[in-house]
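Good morning, and thank you for coming. I shall take you through one structure, and I ask that you keep the view open while I speak.

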Amino acid sequence: MTELLRFTLNGTPREVAVRPWDFLVDVLREQLGLTGTHIGCTTAQCGACTVLLDGVGVKACMLLALQCAGRHVTTIEGLATLSEGAQSEGAQGEHVQNANLHPMQRAFQEQHGLQCGFCTPGMIMAGLDIVRRHGTQVDARTIAHDLEGNLCRCTGYQNIIKAIEAGAQAMAHARMGNPAA
Amino acid sequence: MLSYQGVTLVPEFSYHSPATLEEAHSSFQQAEDAAFLAGGMTLLPTIKAGLRAPSALIDLTTLRDPALFAISRQDNSIVVGALATHGKIAHALAQGQPTLSQIAGGIGDPQVRNRGTIGGALANNDPAADWPAAVLGFGATLETTRRRIAADAFFQGMFTTALEADEMLTAVHFPNPKRSAYAKFRHPASRYALAGVCLTQVMDGSVRVALTGVFPCVMRWLAAEAALSADFTPASLADLTLDASEALSDIHAQGDYRCHLAQVMLKRAVVQALA
């Protein structure tokens, strides 16, 4: 009933047995333990499950796991370069303090780009897709428009937009393009 | 996955990832109730919602032929591979054909546009989708694994097209009009058209007007075409009305309101085409 999915997850080749009707978000969360990719609506509307597929932002709740065969998937866990002594991939807790956050993640922290945090992983991944499409000098108006596939029920979006704008500029300073492109 | 107390909520199906159209066709023939999967932005939600339960999904995005994904400009037309995503089309045609770029860029949201394809949208023929209006408004030609089909013969009713069950779209040929515009009253949540109008005028002055979101299937508005062919101004549309008795009507918009919106969108499209 299962088939072996071979793909690259956050830079590491992985193999996992999945069923043809398993969606990527469920495999990430339940089989691979990467719970940073959130499930909001399960209907491709809220954007909480946004990940990068070969560097392109997609909603993992509407992508079959087997559609990722041979491809590169980047989740929120793949952005920070964990410092030495960090625990295993995807673990939560204190080591995050030691992590070398991606400029887009740091910008969300510095700009207060979140409240409850539920939408945040999807917002950050959507922010990286915005940088891919519009470059690091993207303006606030474009960011606001291009967040139409990501819902936030706390913030009113203003600080999320500021965070993506600041994160994009920080990526330029760090000479970073899209981490998975 | 997606199970609750041991009950699987997503129906079981097999998954096939063909490299060639021939392989896709033979996988389709071998399964009892197969469905072709392109970007999956309609089919997968439909399966999740329990509205369809195919026994096999034939993934067309694994096909190798680059022409199926390409967007190219030829002398008098633009050729879009059936598996080109809305996002890629919006980007590729931003300079060369802004109307088609605008149509592609107004579908869904960025992540949906990164997956969803023009071929998938056309084969699905949702009554409120954007690409059917573009294809009918431009008088495009659809290329399939068997033949070429004119836009006027392709759209046959709600979610119904001229495609045979095992026939796949391969490309869409859009002729270059003299003028074109698309005006859409967008449902703010679904991003589908409550009313959308695709308008083109070719070199000899004749006009095509395609309506989406208003009736059970995309259709041409022949009276508006005649009026605009005689006089390409918003004023020429003053006396036109649509019969709302066959119009779509739901909690989002009643039929007479959709018909009114169609008229407003057409006037906006004329202004935009003249700009």
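Let me begin with a term. A polar contact here is a pair of N or O atoms within 3.5 Å, where within protein one atom must be able to donate a hydrogen and the other to accept it. Please also bear in mind that this is a predicted model.

With that term in hand, please find Arg208 of chain B, which is located in strand β15, residues 207-212 of that chain. Its side chain comes to 2.9 Å from the backbone oxygen of Leu136(B). The side chain of Arg208(B) also forms a polar contact with the side chain of Asp152(B), at 3.1 Å. Is Arg208(B) buried or exposed? Since the limit for a buried residue is under 20% relative accessible area, Arg208(B) counts as buried because its relative accessibility is 17%. Leaving aside residues up to four places away in sequence, Arg208(B) touches a list of residues including Leu136(B), Gly137(B), Phe138(B) and Gly139(B). Also among them are Cys198(B), Leu199(B), Thr200(B), Arg220(B) and Glu225(B).

Several of those names lead us to the next element. Helix α7 of chain B spans residues 131-138. How many of its eight residues are buried? The count is eight of eight, and the helix is described as mostly covered. The buried residues of α7(B) are Trp131(B), Pro132(B), Ala133(B), Ala134(B), Val135(B), Leu136(B), Gly137(B) and Phe138(B). For orientation, an α-helix has 3.6 residues a turn, so residues three or four places apart point the same way. After α7(B) comes Gly139(B), with a positive phi near 60 degrees.

I turn now to a strand of chain B. Strand β7, residues 77-81, is likewise mostly covered, with five of its five residues buried. In a regular strand the side chains alternate between the two faces of the sheet. In β7(B), Ser77(B), Val79(B) and Gly81(B) lie on one side, Ile78(B) and Val80(B) lie on the other, and all are buried.

Which strands pair with β7(B)? One is β6(B), residues 71-73, in the antiparallel sense over three bridges. In this pairing, Ile71(B) has Val80(B) of β7(B) as its bridge partner. The two strands β6(B) and β7(B) are joined by a hairpin through three residues. Another partner of β7(B) is β12(B), residues 169-175, again antiparallel, over five bridges. There, Ile78(B) stands opposite Phe174(B) of β12(B).

Let us move to chain A. Its secondary structure consists of six helices and five strands, and from the N terminus the elements run β-β-α-β-β-β-α-α-α-α-α. Of the 181 residues in chain A, 52% are buried. Among contacts in chain A between residues at least 6 apart in sequence, 58% join residues at least 24 apart.

Arg133(A) is found in helix α4 of chain A. It is partly exposed, with a relative accessible area of 27%. Its side chain makes a polar contact of 3.0 Å with the side chain of Asp129(A). Arg133(A) and Val56(A) are 77 residues apart in sequence, while their C-alpha atoms are 9.2 Å apart in space. Setting aside residues up to four places away in sequence, Arg133(A) touches Asp146(A) and Pro110(B).

That last residue belongs to the other chain, which brings us to the interface. The size of an interface is often given as the accessible area lost when the parts come together. Between chain A and chain B, the buried area is about 2500 Å², and carbon and sulfur atoms give 57% of this. Which three residues supply more of the area that chain A buries against chain B than any other three? They are Trp21(A), Met62(A) and Glu148(A), with 28% of that area. The contact takes 33 residues from chain A and 28 residues from chain B.

As for specific interactions, there are three salt bridges between the chains. A salt bridge links the side chains of Lys59(A) and Asp109(B), at 2.7 Å from N to O. On the side of chain A that touches chain B, the elements giving two or more residues are α1 (24-31), β3 (50-53), β4 (56-59) and α4 (120-134). The residues on that side divide into 14 nonpolar, seven polar and 12 charged.

Thank you for your attention.

Terms used. Residues numbered from 1 in each chain as written. Chains lettered and ligands numbered in written order. Predicted model: local features only at pLDDT ≥ 70, side-chain atom pairs only at ≥ 80, totals over all residues. Heavy atoms only, no water. Buried < 20%, exposed > 50% of the residue type's maximum accessible area, 1.4 Å probe, protein only. Helix = DSSP H or I, 4+ residues; strand = E, 2+ residues; numbered from the N terminus. Contact = heavy atoms within 4.5 Å. Buried area = accessible area lost by both parts, 1.4 Å probe. Salt bridge = Lys/Arg side-chain N within 4 Å of Asp/Glu carboxyl O. Nonpolar A, V, L, I, M, F, W, Y, C, P; charged D, E, K, R; others polar. Pairing = 2+ DSSP bridges.
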